[in-house]
Amino acid sequence: MIDLQGVLKRFGALTAVDHVDLSIEEGERIVIIGPSGSGKTTLLRMINFLETIDDGRILIDGREAGYRRDRKGRLVLEKQSVICTLRSEIGMVFQHFHLFPHMTVLQNVMEGPVTVKKQSREEARAVALDLLGKVGLLDKRDVYPAFLSGGQKQRVAIARALAMKPRLMLFDEPTSALDPELVGEVFSAIKSLAAEGMTMVIVTHQMGFAREMADRVIFMDNGKFIYEGTPAEVFSDTMDNPRVKAFMDKVL
Amino acid sequence: MTSRPGSNRISTPWPGARACALGLLFILLVIPAVSWAAPGNGDQYDLLARATQLVQEDRLDEAVDVFRKVPPPPPGEDAGIFVRSRMEAAKILLSNKDYQASAAMCHEILSLLPDNLEAKNLLSKIQAAQTPKWVRFLKDMKTYLPTLAKATVMTLLLVLITMFISPVGGLFIAMGRISRLQVLSGLFWCYIWIFRGTPLLLQLFFIYYGLPSLGITLDPFPAAVLGLGLNYSAYLAEIMRGAIESIDAGQMEAAKSLGMSYWQAMRRIIIPQTYKRLVPPVGNEFIALIKDTALVSTIAMVELMRAANQIYSATFNVFILFQAALVYLVLTSIFTVSFRKLEDRLGVYENR
């Protein structure tokens, strides 16, 4: 569905993502793990163009998308309307939720369809209520985000992303800002989403979750893929990659 | 009887001389003294003349006493001198603020000549002088209330129009300032630099007196609105830019991740979140604006300040300035309370 080919991102002298290839298949659940600062989040943000690539290319359904080259041959982002259309098909859930604080839960979930897709309010409302039901927050629909717990906020954020009916969901450390007892409710929301066959890429530090969810686990370090495999392979006791092994010993 | 030549020269040459000298002394001193001590006997013309003389010598208290000694005329005879003397006494007493005595003089005249206009006029003058300042103020206020009310409406109109224009202009300029296009951002930086960096008074002068030399002549009202609008837009632009930049960058990213364009995100997500943060500083600006409208009085706009000044020039009644101050205070107070309420209402989504 989406292919990243040789993507590169530099922040000054630091190479955050170093010529990475990633192919995301329809219905696939990819979990990216690795130490902090390894480029996981940057890679994830590249997929929906919140981070621009300095080199490489991004293919959507086999066609190059999002960038063109200027006269000097540098990569530049396509014009805004193109990018917006691409983004509207990719949902993203942030570590710090980023709910719209001036809108109620229901308004948050309706915002995308109404503003971007120009859906009627009634239609958007029906979809939003359905999604809120799925994440178990129907009773909170008229509450402002400030009055929710972290877990509730993140579930609203998931519903808000889903309201756009995306083909792909990106999760950027969705539970890292949560109290431990609230992690479970967010995971189960993501799991039920997976059960419906949603394609997703998840960056997380929760190894148990990675093991349970992933079709494919990618271990990233210093902007590169160090190891790629099934959960069984990555979390096996006989892991022979020393860097992965060292990381696993630390976190598990 | 022998006599020495020296003493002879000193002694009176003839015996009748002593009697003559005594007689002269009597005429010079005693007769006037007696006539002074018994005024009833004196001529009313003499009294008037003496009193007038005393007035000229600035011996006013004595003059009053003499004026009052002029007796009322016998029935049927001319009362001219009597009236004249009582009037003069009354005027001096009035200028000494002895209102009661002054009024008594007038009443003496009126008891004799009930229709005397001069006395009546002086009586009303005495009454006016006795009226407390605040009563006079109330009377002036009643007279000038329509003028002041009109001027207040004009001030309010200026404030309201500027309150409408400047946020629109301010948002426009703020958007230009945060633009990534250097040229645009620089252009609006210049605008803010000029309009915040020079006195509003000077800007008003330039628009009203300066622009005509460039072929643009504006009436006072449009000139005032333009000056206030341009100036306040610059101030509000900086406040709005600050508020927009204070919104968490994650909000823009979240909006973009839903597929929103920059302007959709601004309009739907970022700008609405600035409203509450904008209220305190913008409220401050608008309160300053109410007072700054006084400056447009310098470009021939008749608003509250100018009207108060005009009325003061006409009446020298300081209270009119107090009254104008009160109107400004009432206006600013209404604003203060309203903005406080607005801030609370805009903050409903906050958990506090």
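How many salt bridges does a search of the whole structure find over all chains? The search, in which a salt bridge is a side-chain nitrogen of Lys or Arg within 4 Å of a carboxyl oxygen of Asp or Glu, finds 28 of them. The model is predicted, and local features need pLDDT of at least 70 while side-chain atom pairs count only at pLDDT 80 or more, whereas totals for chains, interfaces and linings use all residues. Residues are numbered from 1 along each chain as its sequence is written, chains are lettered from A and ligands numbered from 1 in the order in which they are written, and side-chain values use heavy atoms, with hydrogens and water left out.

In chain A, the side chains of A:Glu78 and A:Arg68 form a salt bridge with an N to O distance of 4.0 Å. Because A:Glu78 lies in the loop between strand 7 (75-77) and helix 2 of chain A and A:Arg68 in strand 6 (residues 67-69), the pair ties together parts that are 10 residues apart in sequence; here helices (H or I, at least four residues) and strands (E, at least two) are DSSP runs, numbered from the N terminus. A:Glu78 is partly exposed at a relative accessible area of 27%, as is A:Arg68 at 44%, where buried means under 20% relative accessible area, exposed over 50%, and partly exposed in between (1.4 Å probe, protein chains only).

In chain B, B:Arg241 takes part in a salt bridge with B:Glu238, the closest N and O atoms being 3.0 Å apart, and in another with B:Glu245, at 3.2 Å. B:Arg241 and B:Glu238 are 3 residues apart in helix 11 of chain B and so are separated by about one helical turn; B:Arg241 and B:Glu245, 4 residues apart in that helix, are likewise separated by about one helical turn. B:Arg241 is buried, with a relative accessible area of 18%, and B:Glu238 is also buried, whereas B:Glu245 is partly exposed at 48%.

The largest pocket holds about 880 Å³ of space. On a 1 Å grid over the protein atoms alone, a cavity is a set of points where a 1.4 Å probe fits but cannot get out, and a pocket is an open set with protein on both sides within 12 Å along at least five of seven lines, lining residues having an atom within 4 Å of a point. Of its 28 lining residues, A:Gln80, B:Arg180, B:Met252, B:Lys256 and B:Tyr262 are the closest to the centre of the largest pocket. Helix 2 (80-88) of chain A and helix 11 (220-246), helix 12 (249-257) and helix 13 (262-292) of chain B each give two or more residues to this lining.

The second largest pocket has a volume of about 320 Å³, a volume being the space filled by probe spheres set on the grid points, which are joined across faces, edges and corners. Of the 16 residues that line the second largest pocket, the closest to its centre are B:Pro167, B:Met240, B:Tyr275, B:Leu278 and B:Val282. Helix 13 of chain B provides the largest share of this lining, with 8 residues.
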